[in-house]
Amino acid sequence: MAASDLINLSGLLDDAKCFALVRQHRWPEGARCPVCDSSAVTRDGHDDTQPYRQRYRCKACAGRFDDLTGTVLAGHHQPLRVWVLCLYFMGLNLSNRQIALELGLDGSDVQIMTEQLRSGLVAKAPAVELKGEVEIDEVYVVAGHKGQPDEVAKRGGSDGAASW
Ligand SMILES: [Zn+2]
């Protein structure tokens, strides 16, 4: 008997805390616009179907976005708590097959999820147009030596870009 027959783990997770987790890792110093990177954003209500998914409006470019916009977590039919659990199981070194069993999901679905999660919980989705530009910004922030390309080069340029 699979563990999922005994306990429905995802049903025990708190949606509010899952979204808070994403916000904390994505924007440790407060929400930023995924389009223009401005921190001048205001809260703009919540998602119609997901009451804990915060929406924002950017004062700089007038863009609208929410907690998951531009991440691998956006646009998927799995609830956020299933993604969080999937990530947790990955940390326990469970195989895709075991994770699929635990979550009651299709093996091929789980394979896609784990592949995307390996690049980070809130890494940019491959389809996002600004991907390259945004990653360069993150590398500079991590290196902490904006304007000192030698220092940045020494750091290898990839550390931290997609970790969480
Ligand atoms: Zn903006």
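Me: Which residues of α4 are buried?

Reply: L80, V82, W83, V84, L85, C86, L87, F89 and M90 are the buried ones in α4. Buried means under 20% relative accessible area, exposed over 50%, and partly exposed in between, using a 1.4 Å probe and protein chains only. Helices (H or I, at least four residues) and strands (E, at least two) are DSSP runs, numbered from the N terminus.

Me: OK, and what pLDDT do local features need here?

Reply: This is a predicted model, so local features need pLDDT of at least 70 and side-chain atom pairs count only at pLDDT 80 or more, while totals for chains, interfaces and linings use all residues. Residues are numbered from 1 along each chain as its sequence is written, and side-chain values use heavy atoms, leaving out hydrogens and water.

Me: Back to α4. What span should its twelve residues have?

Reply: They should span 16 Å at 1.5 Å a residue, and the end C-alpha atoms of α4 (residues 80-91) are 17 Å apart, which agrees. The expected span is 1.5 Å times one less than the number of residues.

Me: Which elements do the buried residues of α4 pack against?

Reply: They pack against α2 (9-12), α3 (15-26), α5 (96-103) and α6 (107-117). Contact here means heavy atoms within 4.5 Å. Just after the helix, N93 takes a positive phi of about 65 degrees.

Me: And the largest nonpolar core, which members touch the most others?

Reply: L73, L80 and L103 do, out of 24 residues in that core. α4 gives it the most, with nine residues. A nonpolar core is a set of buried Ala, Val, Leu, Ile, Met, Phe, Trp, Tyr and Cys residues joined through side-chain atoms within 4.5 Å.

Me: What does L80 touch?

Reply: L80 touches C18, F19, V22, L68 and L73, leaving aside residues up to four places away in sequence. Another core, of seven residues, lies apart from the largest one, and W27, C33, C58 and F65 are among its members.

Me: Switching topic: what coordinates the zinc ion?

Reply: C33, C36, C58 and C61 do, each through SG, at 2.2 to 2.4 Å. Donors are N, O and S atoms within 2.8 Å of the metal (3.2 Å for Na, K and Ca), and sites may look incomplete because water is not among the atoms.

Me: Why is the arrangement called tetrahedral?

Reply: The four donor atoms subtend angles of 103 to 118 degrees, which makes it tetrahedral. Four donors count as tetrahedral if all angles lie between 85 and 135 degrees. Along the chain the donors follow C-x2-C-x21-C-x2-C. C33 lies in the loop between α3 and β1 (41-46) and C58 in strand β2 (residues 54-58), so the pair ties together parts 25 residues apart in sequence. C33 counts as buried at 3% relative accessibility, and C58 is also buried, at 3%.

Me: How many salt bridges are there?

Reply: A search of the whole structure finds seven, where a salt bridge is a side-chain nitrogen of Lys or Arg within 4 Å of a carboxyl oxygen of Asp or Glu. R81 forms one with D15, their closest N and O atoms being 3.1 Å apart. R81 lies in helix α4 and D15 in helix α3, so this pair ties together parts 66 residues apart in sequence.

Me: Which residues are linked in a network?

Reply: D44, R57 and R64 are linked in a network of salt bridges. R64 and D44 have their closest N and O atoms 2.5 Å apart. R64 is exposed, with a relative accessible area of 60%, whereas D44 counts as partly exposed at 23% relative accessibility.

Notes:
Four donors count as tetrahedral if all angles lie between 85 and 135 degrees; four count as square planar and six as octahedral if opposite donors are over 155 degrees apart and all others between 65 and 115; anything else is irregular.
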